[in-house]
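Please look at the sequence and the model before reading on.

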Amino acid sequence: MPVQRLPGVVMAGSAQDADEEARRGILLTTVGKAVAWARKNSMWPATFGLACCAIEMMAAGAADYDLARWGMEIFRASPRQADLMIVAGRVSQKMGPVLRRIYDQMPEPKWVISMGVCASTGGMFNNYGLIQGVDTIVPVDIYVPGCPPRPEMLMYGILRLHDKVQREARVK
C-alpha cells in the first residue's frame with residue numbers, strides 16, 4: 001500500500017524509510033505547522049449576535065449545517081474561553097465599548113469575523129447611533145457580506161479563516 005503524502009508534511013530519509021515510518025504512524029512536520037493545524041481545528045467562537053444576522057449564525061451551528069465538522073460545536077459565552085469573535089449584526093454606539101472589552105478579554109491568538117453588511121459597514125443604517133463598521137473598534141480578519149448572510153456564507157468565511165490561520169503558522 002503506497003504512503004499518502006500530506007500537504008505541508010516533511011518526511012525525512014529515503015522513500016523506503018518514509019514508507020516504514022508512515023506504517024508505524026510517525027510523520028514529521030514543523031512545530032509551527034502543527035500548532036497552526038491544532039488552532040485551525042479547535043476554534044471556539046464567542047457569539048456576539050446583535051440583530052437578524054444572529055439567527056443565521058445560530059442556524060449555522062444547528063444540525064442542518066453542523067459547524068461541529070470543524071470543531072466549532074460549542075459557542076462560548078465567556079470571552080476567556082473563546083478565540084474567535086463572530087460579530088453578527090449592527091453595532092450601536094453604546095455597544096461599541098462592550099464589544100471592545102469582550103475582545104480584550106479573549107486570549108491570544110484571537111480572530112474576528114464581521115458577519116453581515118451592518119457589522120461590516122453600517123449597512124442601510126447611516127446614522128449617528130450606529131458604528132459604521134466594526135473594524136473601527138476591533139481588527140477584523142474575515143468579512144462575510146449579505147443582509148443577512150446565509151449560514152453557508154458564514155461557513156465559507158470560517159473556512160477562509162481556517163486557511164488564513166494555517167498559512168500564518170506562527171507560534172506565540
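## Fold

Read along the sequence, the pattern of the chain is α-α-β-α-β-α-β-α-β-α. That gives six helices and four strands. The model is a predicted one.

Contacts between residues 24 or more positions apart make up 71% of those in the chain with a separation of 6 or more.

## Burial and surface

The chain has 172 residues, and 38% of them count as buried. The chain exposes about 9,700 Å², with 57% of that area supplied by carbon and sulfur atoms.

## Nonpolar cores

The largest nonpolar core has 22 residues, and Leu84, Ile113, Leu154 and Leu161 have the most contacts inside it. At least two residues of this core come from each of helix 3 (53–61), strand 2 (84–88), strand 3 (111–115), strand 4 (142–144) and helix 6 (151–168). Helix 6 gives the largest share, five residues.

Leaving aside residues up to four places away in sequence, Ile113 touches Leu84, Met85, Ile86, Val87, Ile142, Val144, Leu154, Gly157, Ile158 and Leu161.

## Cavity

One cavity of 30 Å³ or more is present in the structure. The largest cavity has a volume of about 40 Å³.

Its lining consists of Ala51, Cys52, Cys53, Gly89, Arg90, Val117, Cys118, Gly146 and Cys147. By class, six of the lining residues are nonpolar, two are polar and one is charged.

How values were computed: Residues numbered from 1 in each chain as written. Predicted model: local features only at pLDDT ≥ 70, side-chain atom pairs only at ≥ 80, totals over all residues. Heavy atoms only, no water. 1 Å grid on protein atoms, 1.4 Å probe; cavity = no way out; pocket = protein on both sides within 12 Å on 5 of 7 lines; lining within 4 Å. Points joined across faces, edges and corners; volume = space filled by probe spheres on them. Nonpolar A, V, L, I, M, F, W, Y, C, P; charged D, E, K, R; others polar. Core = buried A, V, L, I, M, F, W, Y, C linked by side-chain atoms within 4.5 Å. Buried < 20%, exposed > 50% of the residue type's maximum accessible area, 1.4 Å probe, protein only. Contact = heavy atoms within 4.5 Å. Areas by Shrake-Rupley, 256 points an atom, 1.4 Å probe, with all protein chains shown as cover.
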